[in-house]
Each structure stands twice: as C-alpha cells, then as structure tokens.
2 protein chains.
Amino acid sequence: MTKNETPYDRLSTRLREIGTLSAIEALLGWDQETMMPPKAGSFRAEELSLVSRLLHDRRTDPALGELLGECEGDPAIAGDACRAADLRELRRDYGRATRIPSDLVAELSETSSRAMQAWKNARQENDFSSFLPWLEKQISLNRDKAECLGAPEGGEPYDALLEEYEPGMTASEAAALFDPLREALSSFLSEIAESPVRHDPGFVEAKVPVEAQQEFNLQVAKRLGYDLEAGRLDVSVHPFTEGLGPGDTRITTRYREDRPADALASTMHETGHALYEQGLPKDRLPGHPLSQAASMGIHESQSRLWENQVGRSRPFWEWALPLAREILGAPVESYSVDDVYRSVNAVIPKLIRVESDEATYNLHIMLRFDLELAMFRGDLSPRDLPAAWNDRMKRDLGLRVPDDRRGCLQDIHWSVGAFGYFPTYTLGNLYAAQMWEAARREILDLDRRIACGEFGSLLEWLRAGVHAHGRRYPAGELGRRITGAEPGYEPLLRYLEGKLRPIYRL
Amino acid sequence: MTKNETPYDRLSTRLREIGTLSAIEALLGWDQETMMPPKAGSFRAEELSLVSRLLHDRRTDPALGELLGECEGDPAIAGDACRAADLRELRRDYGRATRIPSDLVAELSETSSRAMQAWKNARQENDFSSFLPWLEKQISLNRDKAECLGAPEGGEPYDALLEEYEPGMTASEAAALFDPLREALSSFLSEIAESPVRHDPGFVEAKVPVEAQQEFNLQVAKRLGYDLEAGRLDVSVHPFTEGLGPGDTRITTRYREDRPADALASTMHETGHALYEQGLPKDRLPGHPLSQAASMGIHESQSRLWENQVGRSRPFWEWALPLAREILGAPVESYSVDDVYRSVNAVIPKLIRVESDEATYNLHIMLRFDLELAMFRGDLSPRDLPAAWNDRMKRDLGLRVPDDRRGCLQDIHWSVGAFGYFPTYTLGNLYAAQMWEAARREILDLDRRIACGEFGSLLEWLRAGVHAHGRRYPAGELGRRITGAEPGYEPLLRYLEGKLRPIYRL
C-alpha cells in the first residue's frame, strides 16, 4: 500500500485488474469466433474457464467487499454523485457475484456448455425431445440461481434474472409495455397483409460480390463515426460486437452475395453497439461500473437506432445510394432512392427471428418473453413448449411452424440459460424509438444532415446523453433524462406506422 | 485434493494452469502483431504485464518447489526415464525463475520496454548516442541477472544468459564451433566474390501480385505438412511463429510485390518452426517441459532446414515451379528450374542481417556473438560498439557500413536485453546441416520424394527424432541422437560448398 492511497484508490486498483482480465476474456472470445483454427476449440474452453475462475475469485474476494464498505462509509464519496453512483453499482455487482455459491456457478457453466451442444444437435436433427431434459435442467438451475440472487421487493424469481441484463426492470413492468404493443402491432400487421402494395425484392436481393460489399460496409461504418484506429471489421457466422478494453472495440458481420442489404443492416447494427462501447469512458475508469454499458436494452437501443431509424430512412439512402453505386457498381445501378427505401422496409412475417423485418421482429421477442416467463412461473411445462410456440406464431404472426428447427429450437439463448435476455431486444427498440423522437426534436435539420452523410451531430448527441454516463444512471432513468419521457410503447408504434403507412398506402 | 492424487498429478495440475496462462500470453502477443487496432497498444501492454505477473507468481510459488521436491524423492518417478527428464527440466526452470528477485524482474521488464522505444527512435534518427545509455543499462542489469542465475561450473556470466536460449551450451563451446566456421566461410566467400559468375536476379525479383503470392505460400505450407486446421497464415511486419497451445500454432509472413522468393523463404522458415510446434506432445502434457521445444537452436534448425536445405534445393523447385507457374502465372512463366535454383541461391553480402543469403548470414551472427560477448566480458566498451561493428563488417564481409542504422542499430535484440539469443541462429544452421546429412543417409530417395512434393517422410523423420521428444534430451544430446555425431561446423560448410561451388563454377 502506497502512502496517501485512499480506499477508493485501492478499490480502483482491484477493479483495474478485474477490467483487464475481462478484456482478456473478451479477446479469447473474439478470437474464438473469428480467427481461431478449429482444432484449438477444446483448449480454448480451458483458457476461458481459467480466466473465468480468476475473475470470479477477484469479483467475490471478501477484501473487495471490505474496501467497498470502507468507501461507502466515506462522506467525501457520498457527496460526489459520480463516485456514489459507482459505489451503488459496485455494491450491486458484488452482491450478485457473492450470492451464488461456487458449486452452482460451476454447475451452471458446465450445464450451459453441454446444453448448448445438445441444442445444436437437437436443432440439426429437428429433435426437441433430445433437448427437453437440458431445457428442464436449465430452468431448474436458473430457478436456484434466482433464489440465491433474490427478487426485488414485490417481485418474482424471474426478475432476479432479468435484473442481470436490464437492471431495475421487472417482468410485470416489461409485460405492461409489451402487451399493448403486441396488440397494436398485430392489428397493424393485419392491415399491411391486406394492403394491395407488393414489393419487388429489388435492392435487398441484388447480387453483389462479397469484396465490394465489404468495402461498402467499411465505408459506411467509418462514416457513421466508428473509429477504425480503435476497432476492426471482420467476418463471423453470427455478427457481434466485442469491447476488448480501452481503444479496442471490434465488430463482425456476415455477407451473402445475394443479400447486400442484410449485410449492411448487420454492420450498421454492430456499428451502433460499437459506437456505444467507443463512447464509454473506459480510459478514465477501467473496470469501474461508470465505464460500462447501462443495460442490454440501452445497448440494443444504440444498435437498433443506427440500423433502423437511420439505416432504413430515406435521408440515409439519399447519401448512401450514390456511394453504393460507386462501390457496388452495376448490380445496384438501376435502383432509385425510393426503390431502395421501399425494399429495405418491406414487411414480410418470417419464421426466423433473425431474418425478420423491423415490425414483426418485436412479435418474435414478445412471444419468447411470454413463454420463458410462463415456464419460469410454472404455468407452462417445458415439454409443452413446441405446441405453445406454434400456437403463438399462428396467432401473432399468422404463420404455421413446419418444424421445431424453425420454431422453438431456433435460438441459442435458453440452451445457455440466458433467461431474461430476450425482452432486452424489444426494450432496445422502445428506447431507440424514444431517443429518435427526442433527437429529431433537439437536433436541427437532422434529416438534412443524414442526407449529406453528416452523422456527427447525432453521434455527439448520443455520446453526451447516453455513452458518456456508463452505468451512472439506471437504464430507466437514463432513458427519461435523454427523452424526457417515461418508457412507453407509443413512440415505437408512431415510428413504425409513420413510415410504413405511406409505403403500404394505408 | 482428490483421493489417490499423487504429487506428480498435483504438479501436473499446476503446470497445466501455467501452460494455459502462457498460451493466453501468446494469444495477446499474436493479436498485437497481427490484428490489434493501433489505439489498443497501451492497454495491451497492461494486459501482458498482468498475465506475466500471474505467470511469475505461479512459476515461483514455493508450493510448486515443495511438490517438485516430493516428486524428486519418489523412486517410481526416478525409474521412469521420461518423468525423470521432466523433473530435471522443471527443477531447472524453477531454479531460474526463483533465483532472480522480483525487483530485478520488474526493472528488467520496465527497462526493456523503454529501451526498445529508445532503440526504435535511435534507429530512425540514426543516432547511436541516444541509445548508448540504454545499452549500458541493459548490459549492467543483465550482468546482475547472470550473477543471480549463476554460471555453470568453470563458466562465465554470459553463459548464464545463453543457458536461457540454448541450455547446456557455453560461450566457449559456441566460440569453438564458430571460429573455424568464420575462417572457412570468409575465405570461401572471397572465392565466390572472385567467381566470373554473375546472376541475373530473375525469379527473386519477379513482380507478382500479393494475392497470388499468398495463395502460393499457403499451398506450399500445406504441402510441407503444416496443419491449417490447427493453424493459420497471416501477414505481419516481422514474420513469426506463435504456439498458442494444443491445436493452435499460427505463422505470419510478409509480402512485397517485387520479392516473391523472399516471402516464400519466410513462409517456409516459419512453417519449419510451426511443424516443430505442431509435433510437440502438447495435448498429452500441457505445460510440462516434455511438451516444449528443446532449445532455440533446435527450433531454428527446424525453420532453417525447411527454408534452406529443402526450399533452396533443386528437387524442391522441380516440384514447386509448376505450382508457381499455375498460381503466379505470367510473371514467372519464363524461368526454368535452373534459373530459379540459381536465383534463390545467389550469394550477395549485404549490410542487413535479415536480408542476407544463407552463406553470409552466419558471418552476421558470429559478429554479433563476438561483440556481445566482448561487451559482457568488459573487453569492449558499449560506446565503442559502432567502430568495432564497422571494423568487423569490413573484415568479415568486405562491406563498408555507411551509418549505424544499417550497422549496429539494425537489430532489436540488445534493446530488449536478449543477450545470448544471436548465437542460436547459427547453432540452428549447424544443427540443420547435420540433420540434413543424416536425413539423406536415412531416408530412401529423399531428393526424388521432394521433387514429387512428397515431404511426409522428411517430416515424419523429424517428428520421430526431434519433435516428439520435447525437452526430454538436452539440445546437444538430441542432436547426437538424431545425427549420430557431435556438434560441428563441417556439415554446414560441406552443404554450402557442395551447393555453391557448382553454381559459382569454383
């Protein structure tokens, strides 16, 4: 201990080490998905498990708890709003980390890796029954986990899991947002289904060589503000963003020669996540909650806002289409801005969540939320999941599910025990729509700026309102601060209807 | 502790963790040189320093020493030659790791990173005087390190450093090999200089697009036996091989449009290193000395053998030229096997070590070895290094050194305190030449096999004789076992003269 070192300094040293180990864990994960040769797989699991153990030891170290206690008793810190928020979040993390016994941590991790393998096989073989025992085990273990963590006052076990991804949100609050949204979306989708307008897939299915798409995607990501001196864009099977520490936020996307618009949407989505990561004050406070994202919903709001509100807007394509023509050449030359705008906004209900359009996407999410909540509450037996799933798909999206592979086996989340994760996708869409309304009010000439490829004012607005704060404010409060409103489903609905009614002449 | 766990099992658990952390360190290093965005540099240094601290703690843990002692007292292990060798090497590693006080470890590491920066600037500015204080400091710190480590009986301080890279070798033994080699090489090079034969650079300077070179290099590396399911080939400023653990050995190379032969030589060199790494029994014994390379000299013998003895042979080009024509196309179409063979074997003394041909290369190394040894012994003051360097370049290679940038400032090694590293390059060449003679005796029709692109018998021979043993035998003994002879300079000389005399019509 150095002279004049305060307990908060000593806390920072420990957090810095935890932050550094987390960044190493992130590199191991990034490399695994992008660069690692196939035969390295089993050893990589060993590396990840070692780092995860080193992290767990440090996050649950009683000495960390003591330091935290000392800091909490320091009136100088209590009087500093930033540091006080930092301590509030640290206490939350420390509590969550220490409340789960090591045996259960180990069993959850072991089960997740085996259940994920079982899920992969089950999906491939279209055999729900072989996955069922693993689903049951995950639900049971995650009930135990929820019990250890403890639900918020007046809450239910599921809330303790949701809290992991969306701190401060409960299942009943989420349901109160989702229920009217589903109602309204379902009836709006029926209107669209009856519209006489049918789109030619056009731009969405133009055939463009992958190299040209890569160049185009890179140029767009750069123009949105993604700092490539502090990041990189690679290819992976499932696109993702990985924050690897200060100065290092990497994104991936995937290309198909006949789906250039999907690749761009995916790149803009990940760019949105990456802009958030690059805007967090990591340099100043490595490992501190203040340098971390507020919630998964807020994270998703950043990706969705750039992917959808920006990337599917007419002004964006006024700027992007000439660039697309220049880089992608002949395959896109015949399309007008209007053609592309209509093409990337087509509403076509699909069986697969990740292939869905902006409007139906949320129905996919709410269905999953309802079903996982019902399983958690004991209202739905896991063995009845396929029937419940198929029933809801018919009711909400009007689609018949031909097999479980394209039904309840399509997503990885439940296999790895990520209950409470799904709702954050739609929460992200709700936050994004609210932020978009606020941005349009507050940034002069936003459409014109976007049409000129000037994205800096929007980015700066998000930097100041969202990114710079890290976890200083709980997600709900952060949303209120930037949008001036309570969370609600109406802005998303206004946004979707405002765009889609003219397109579908409704 | 589990029931029935022996001390050796517990030792293995600890080594496995050390091996896993080393592999993580290797990934951080590999990523830094190949993928990492520039702004991540300073945080990466922090990650590396954390892992290095975690490793140091584990390698010097007294509990490891106690376990080692228990195993050493176990007669069952003493009777098992493999395990006994493993313990011998572990004792050596543990001794070396624990003999250097932590303060000195930290100072060496801090100095190396600052001295390397100073060296980079000094080289760029061609300003030896700004590097001199760092060189002096490195020598002084490394003298302290050598004193802590202790020289072998009858040896000198430098030997304690050489021992790090080439266990069992002393400076005087190296000098006894090098002195006659230098003598013989120098006079042979004078003969070549007077030969009437002058080469058209030809193939070596053919202009070939980098993409085509990449494809060609990849095909060759694969054909030599490099398992790309357990590795990958990327680009970096300085080519290197990194063993990242079981199933993961990655190589890099660099391309210049007008130097296709250099890129191939570099790829074959790194492939040689990678074949050794892939042949070590890492799966079976992660973290154990038995799964590690015997010495830097032995490692270098594997890279040199594939780069030179194979890659600059006529039979190799009989196989490779048709492939080169197929992949590289027009730029190489006009060359015959003989043209290429002469072109890649041209002897042209150069100022820069890494650009040198196979024959003059060793003169570069021996010069560095003599000078670092003289500085270490106190026979040469670091301030007189430039004059001594230039004098030797004139004497040994007949070249006038125009500036220190192309003289004593060209290499990174001394800036990072890697004294004792240089001689392993030439030791590698000596081992390679001896192994090559033995392989030609023992493998039926080796030339014909190579001319058919059948490299498997040579690889299998190296796997069985060198790779599979790890550190079971000290380097010298390993050499004797596979070649049946004591280390000597004659095989290298025979190899070079046997090839170059006909080419130069001497």
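Me: In what order do the three strands of the open sheet in chain B run?
Reply: This is a predicted model. In chain B the order is E1-E3-E2, and the pairing in this open sheet is mixed.

Me: Which are the edge strands?
Reply: They are E1 (231-235) and E2 (241-243) of chain B, each of which pairs on one side only. From one strand to the next, the twist averages 15°.

Me: And E1(B) with E3(B), in what sense do they pair?
Reply: E1(B) pairs with E3(B), residues 249-253, in the parallel sense, over five bridges. Within this pairing, Leu233(B) stands opposite Ile251(B).

Me: Changing topic to the interface: how many residues of chain A are in contact with chain B?
Reply: 39 residues of chain A contact 39 residues of chain B. The two chains bury about 3,100 Å² between them, with 61% of that on carbon and sulfur atoms.

Me: How many salt bridges are found across it?
Reply: Ten salt bridges are found between chain A and chain B. One of them joins the side chains of Lys39(B) and Asp227(A), at 2.5 Å from N to O.

Me: Which elements of chain A give two or more residues to that side?
Reply: They are helix H1 (7-34), helix H2 (41-59) and strand E1 (231-235) of chain A. H1(A) provides the largest share, twelve residues.

Me: What is the make-up by class?
Reply: The side of chain A that touches chain B has 19 nonpolar, six polar and 14 charged residues.

Definitions and conventions
Residues numbered from 1 in each chain as written. Chains lettered and ligands numbered in written order. Predicted model: local features only at pLDDT ≥ 70, side-chain atom pairs only at ≥ 80, totals over all residues. Heavy atoms only, no water. Contact = heavy atoms within 4.5 Å. Buried area = accessible area lost by both parts, 1.4 Å probe. Salt bridge = Lys/Arg side-chain N within 4 Å of Asp/Glu carboxyl O. Helix = DSSP H or I, 4+ residues; strand = E, 2+ residues; numbered from the N terminus. Nonpolar A, V, L, I, M, F, W, Y, C, P; charged D, E, K, R; others polar. Pairing = 2+ DSSP bridges. Axes fitted to C-alpha atoms, helices over the stretch in contact; angles between N-to-C directions.
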